Amino acid sequence: QSRRPKKHEETESALSAYRILLRYCKPVDLQRSDTDETPRQLMKSGVFCCYASSLIFLVSLFSALATFLAAAVLDRAFVHTKTGARRLGRMSGGAGDPRRPCKFFLDGRCRHGNSCKFSHDVEAALLMRAQQQQRPQQQQQQQRGGGQAQGRQQQQALYKPSCQSEYFDTHVHMDIVLQKEFGVGCFLDKSVVERFFQERCPGPFGGAVTVAFTAAMIDTVGFLLDVGAELFKAGKVKWRLYGTFGIHPHHAKDWNPVVADRVVDAITRYREAGLCVGLGECGLDYFVKPGNRELLSPADVQRSVFAEQCRLASALEMPLVLHVRDAEEDALPILKECLPKNQRIHVHCFTGKQWFVDEVLKEFPNAFFGFTGVITFPHENLNALREVVRLMPPERLLLETDGPYMTPEPFRKHVACPAHIPLVAETVASLRGENPEAVLTQCRMNAMRMYGV
């Protein structure tokens, strides 16, 4: 043993391990192995493990395949469509391309604030919208050969007012007019603005009041006012372009302290330059547009915002541009409560009843009522409005186009612009039995009393 100590140690270790095995493990009688069920149980357990492993592998494989297919479908449905990526960014309130303009910004409907991941650049937003609007027009022209669209443009371009008296548009949205006319964000180009007025507003054109009715339009209208002032100062034009700033009742839900400050800042800045002549348009509009089930802004919100803008106009001593449709009963008490009796009010695009005219003139003797191309429409339900025009005191009349909307006949399908003012004057003169030139002269004097221009 002394000669081989290592082997002795190995033997003792093996015996110790055998004793432990006998203590904790039940010995198996190999002689009864043919009848013992232990090997069978071991076999069944092995087969079960193989089946279970195979099943788990197949389930994992199908899960991975289903996940891959679902990701591919969602990726194709949302990311690779025209607007899917933008929708995904808008719905999540998160990822978006900061270089891509927010499509909700230009309408003043973006309420994401600092959380909006898209650009709020005015020029880029207007260009994107113009391009989107231009695509279906180009497709339609290609399908029809472009003949009909070109014919309408030529017909409108050939229209020139034949009046001798100066005509002045007291309410128009020139930024939207230019977009619809040219299909691009062209009003950001000074030369295009100058060319538009030279070609589309010939004759004794005296100017216009362009109205900003959303927060986004404050910048675009301000740009047009700067361009008009620059052209007039350089002696290139004889007309003047003026502006007003406010929030339309359809966008009353967007009113907040930030928007209010922007409106006040724009009014203050351009009033000092002699270019801002009023606050608005603001008011109440309870008309539910076709396709909608409710108002674009709740009625209670409209009333609150309208009252606030009335008080603001009174505090700033600015004329008020009033928009009222199907809401005369609610508008009159707010006017009486928030405005002084000597307040100058332009009830723009009036289509209401005679009783409202009587009440407004009774409470506010410095109020004026503007009429658009609506009075030229051949509808029998407008007979009451024509009677209002006929009975209106001449010193309370104003002419407007509300362009690009309310285009007078016979250019109903075209874009309304200041050149259509003589057509409205002709209808007013026909209803009142007066001379169109006299109507233009009287209304130009009324615009001077209303806006001081």
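Analyst: Let's start with a term: a nonpolar core is a set of buried Ala, Val, Leu, Ile, Met, Phe, Trp, Tyr and Cys residues joined through side-chain atoms within 4.5 Å. Buried means under 20% relative accessible area, exposed means over 50%, and partly exposed is in between (1.4 Å probe, protein chains only). This is a predicted model, where local features need pLDDT of at least 70 and side-chain atom pairs count only at pLDDT 80 or more, while totals for chains, interfaces and linings use all residues. Residues are numbered from 1 along each chain as its sequence is written, and side-chain values use heavy atoms, with hydrogens and water left out.

User: Thanks! How many residues does the largest nonpolar core have?

Analyst: The largest one has 94 residues. Those with the most contacts inside it are Met174, Phe197, Phe245, Phe306, Phe369, Phe371 and Leu399. There is also another core apart from it, of 12 residues, including Phe168 and Val453.

User: What is Leu399 in contact with?

Analyst: Contact means heavy atoms within 4.5 Å. Setting aside neighbours within four places in sequence, the partners of Leu399 include Phe168, Phe371, Ile421 and Cys443.

User: Switching topic: how many helices and strands are there?

Analyst: The chain has 15 helices and 8 strands. These are DSSP runs numbered from the N terminus: helices are H or I with at least four residues, strands are E with at least two.

User: Which residues are buried in helix 13?

Analyst: In helix 13 (residues 383–391), Leu385, Arg386, Val388 and Val389 are buried. They sit on the same side of helix 13 because they cover an arc of only 155° around the axis. That arc is taken from the directions from the helix axis to the C-beta atoms.

User: And what covers them?

Analyst: The cover for the buried residues of helix 13 includes helix 12 (354–363), strand 7 (367–371) and helix 14 (421–432).

User: What about Arg200, buried or exposed?

Analyst: Arg200 counts as buried because its relative accessibility is 17%. Arg200 lies in helix 7 (residues 190–200). Leaving out neighbours within four places in sequence, Arg200 touches Glu181, Cys417 and Ala419.

User: Last one: where is Leu69, and why does it count as partly exposed?

Analyst: Leu69 is in helix 2 (residues 38–79). Leu69 counts as partly exposed because its relative accessibility is 47%.
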